[in-house]
Amino acid sequence: MKKLTKIAVAVMLQALVMQGMTFAAEPPKKSPKAELSAEIDYREYNISDKQWLELEKTYKSVTKDRNVILALELLQNTVGSYSREAILGSNLTNRPIRVQFKDLSEINPSFKEFDAAGSKVSQKLYININNKHKDAPPIALAALLAHEALHQDAYNSINEETYAWTMEAAVWTKLSEANPDKVDKMHPLVQREERLKMLFVKGNYSDKYIRKSIIANPAYRNLPSRSPGFEDIEAL
């Protein structure tokens with residue numbers, strides 16, 4: 001992963017104003033079986049049948065799930081475009097990241113209520129999204145994927161989580177404001193994104209309150225300040 005600089009982050013946040021993944025300590029012995037979400041009508045997103053066939057080809061090594069395909073497409077015109085490229089193969093493994101819905105307790109019992117968890121099997125990365133989010137709005141899945149794709153190795157840190165959560169907040173803020181009719185505030189993943197957006201906006205579109213929240217979170221208590229690619233504690 002490229003080292004994230006102050007300039008890169010500043011440009012990311014300025015662009016928004018202008019217009020989590022935990023790796024399993026014991027990965028599965030075999031590739032997890034993918035589960036598909038309920039079928040949705042891609043025409044609602046101004047996508048023709050011909051365009052959809054091309055999208056299925058583009059993402060065939062990542063997913064067959066329509067919600068996920070739409071989520072990845074939605075990332076293109078956001079600050080989460082880096083995450084989309086990472087999922088397509090521009091990551092530390094140089095292979096596409098497989099995205100799927102899964103019972104996360106199969107990875108680790110303690111992950112049962114996580115929204116997502118990463119794993120690595122035979123040098124291949126997976127983003128495993130909790131089954132309860134199979135019917136989540138694609139804009140919410142896009143924000144979640146923008147976060148999860150930034151975790152590409154077994155190392156984590158306060159800096160890395162802060163950047164990932166801030167990226168997620170930035171993507172959700174843009175997509176939710178551009179697509180208010182697609183915001184289902186009753187969905188648990190949307191509720192997560194709305195809480196994150198509140199911290200982002202409260203901090204004047206910065207990581208100020210997101211970082212404070214991460215530092216105060218018991219789940220991150222033992223994380224170091226820095227990890228590979230996120231060495232600069234002032235980079236966010």
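What is the order of the three strands in the open sheet? I read E1-E3-E2, with mixed pairing. Strands here are DSSP runs (E, at least two residues; helices are H or I, at least four), numbered from the N terminus, and two of them pair if DSSP finds at least two bridges between them.

I noted the source first. This is a predicted model, in which local features need pLDDT of at least 70 and side-chain atom pairs count only at pLDDT 80 or more, while totals for chains, interfaces and linings use all residues. Residues are numbered from 1 along each chain as its sequence is written, and side-chain values use heavy atoms, with hydrogens and water left out.

**Entry: sheet.** I found that E1 and strand E3 (residues 124-130) run parallel and are joined by five bridges. Lys102 stands opposite Asn130 in E3. I then saw helix H5 (residues 138-148) packing on the sheet, where it touches E1, E2 and E3; contact means heavy atoms within 4.5 Å.

**Entry: salt bridges.** I looked up the total, which is twelve. A salt bridge is a side-chain nitrogen of Lys or Arg within 4 Å of a carboxyl oxygen of Asp or Glu. One of them joins Glu113 to Lys132, with the closest N and O atoms 3.9 Å apart. This pair links distant parts of the chain, 19 residues apart: Glu113 lies in the loop between E1 and E2, and Lys132 in the loop between E3 and H5. I also noted a network of salt bridges linking Asp115, Glu168, Arg192 and Glu193.

Key. Axes fitted to C-alpha atoms, helices over the stretch in contact; angles between N-to-C directions.
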